[in-house]
Amino acid sequence: MSEKTILFIGNYFLSKNSNRNVWFEIPSKLEKLGWKTLTTSNKKLKPLRLLGMLYTIFANRRAYDLAMVDVFSGSAFIWAEMSAWLLNKINKPFLLNLRGGNLPEFANHYPHRVIHTLKSANVVTSPSAYLKESLQKFRKDIQIIPNPIEIASYSYRPRKLHKPKLMWVRAFHEIYNPSLAPKVLDKLTKKWPNIHLSMVGPDKGDGSLQKFRNLSETLNMENHISLIGGVPRYQVPTILNQGDIFINTTNFDNTPVSVIEAMACGLCIVSTNVGGIPYLLADEINALLVPPDDPQAMAEAIERIILNPDLAARLSLNARQKAERFDWSIVLPKWDHLFNEILDSSYNEEIYP
């Protein structure tokens, strides 16, 4: 099987507003196991990206043995939809890999499109039990393969909080609700006037960054917040380890790698309990979970960690131990086995009915 080739279909375009996500790493990791890989598409404009995907699927049909298609919600769903249609037309086995945290809501709005696309694939995978359970009515046999990290890249430091520093690592986009952060700080600074938050992430251009700036100014929180912007992924572990408490303010989520990275470093996690988060984090065990868009609840959770060293130590250690389950050494063999299984002749004889 070492001479077999996989075509990876998804968003392989990088800009100043994006970073190398896990789907950029899977091809290179598999090549070390003897696979050959192709990727598409790296076009900047979305219509050209879709055309690039379809062109690569067809023009290179003799150059690959199977394909993996990333599936997101919203307008990006059409990339998976059209790719699946063409792969079926040319009789290529393929896997759909669910990515978008908002896919359950999208599927409920467009059930026929989602059912048709998911059932056309040989296999459907998800990085979280949340997406599997939420989409089981559309496809019953979804398999879970989690988002991986290189655990050795994240040095663990047990947290003992005296002067806590808060960290936030996401993109400035409405779904991640960055404007919750200054509201939380506004409540905390009344008791801890020196508390500080570092925010790492690119501007996605939907107006969320400006909204955040305006609110921070209104609440007089500018001196309590450092905006670092987007950084290369290899810098994330070092930056995270400058903090003690990681806050995840998102309104929608699946299995965010940024949270897993913070867990790997041993930060104490305070997160909204949306989407796939309760499937990743256990409240009071390796994190404190609060309702979405509730600055009072998030501030109280942070205060509990600051005032309770035993709680901080427990959350820190348990978070690291959970993150170790996501190491590439555990996850990569699962992809290798699954791709080989798809290519097995008996597995390809019948598409999911």
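First, how to read it. This is a predicted model, in which local features need pLDDT of at least 70 and side-chain atom pairs count only at pLDDT 80 or more, while totals for chains, interfaces and linings use all residues. Residues are numbered from 1 along each chain as its sequence is written, and side-chain values use heavy atoms, with hydrogens and water left out.

Let us start with helix α1, residues 22-31. Helices here are DSSP runs of H or I with at least four residues, strands are runs of E with at least two, and both are numbered from the N terminus. Seven of the ten residues of α1 are buried, so this helix is largely enclosed by the rest of the structure. Buried means under 20% relative accessible area, exposed means over 50%, and partly exposed is in between, with a 1.4 Å probe and protein chains only. The buried ones are Val-22, Trp-23, Phe-24, Ile-26, Pro-27, Lys-29 and Leu-30. What do they pack against? They pack against β1 (5-9), β2 (36-40), β3 (66-71) and α14 (328-343), where contact means heavy atoms within 4.5 Å.

On a 1 Å grid over the protein atoms alone, a cavity is a set of points where a 1.4 Å probe fits but cannot get out; a pocket is an open set with protein on both sides within 12 Å along at least five of seven lines; lining residues have an atom within 4 Å of a point. Points are joined across faces, edges and corners, and a volume is the space filled by probe spheres set on them. The search finds three cavities of 30 Å³ or more.

Now the surface. Leu-45, Leu-48 and Leu-51 make a nonpolar patch of about 300 Å². Patches take residues with over 30% relative accessible area and no salt bridge, joining like charges within 9 Å and nonpolar side chains (Val, Leu, Ile, Met, Phe, Trp, Tyr) within 5 Å. Areas come from the Shrake-Rupley method with a 1.4 Å probe, and for residues only the protein chains shown count as cover. Leu-51 sits in helix α2, residues 46-59, and counts as exposed because its relative accessibility is 53%.

Last, charged pairs. A salt bridge is a side-chain nitrogen of Lys or Arg within 4 Å of a carboxyl oxygen of Asp or Glu. There are 13 in the whole structure. One joins Glu-284 and Arg-304 at 2.7 Å, N to O. Glu-284 is in the loop between α11 and β12 (288-290) and Arg-304 is in helix α12 (residues 295-307), so the pair ties together parts 20 residues apart in sequence. Another joins Arg-320 and Glu-324 at 3.2 Å. Is Arg-320 buried or exposed? Arg-320 counts as buried, at 14%, while Glu-324 is partly exposed at 38%. Finally, Arg-157, Arg-159 and Asp-244 are linked in a network of salt bridges.
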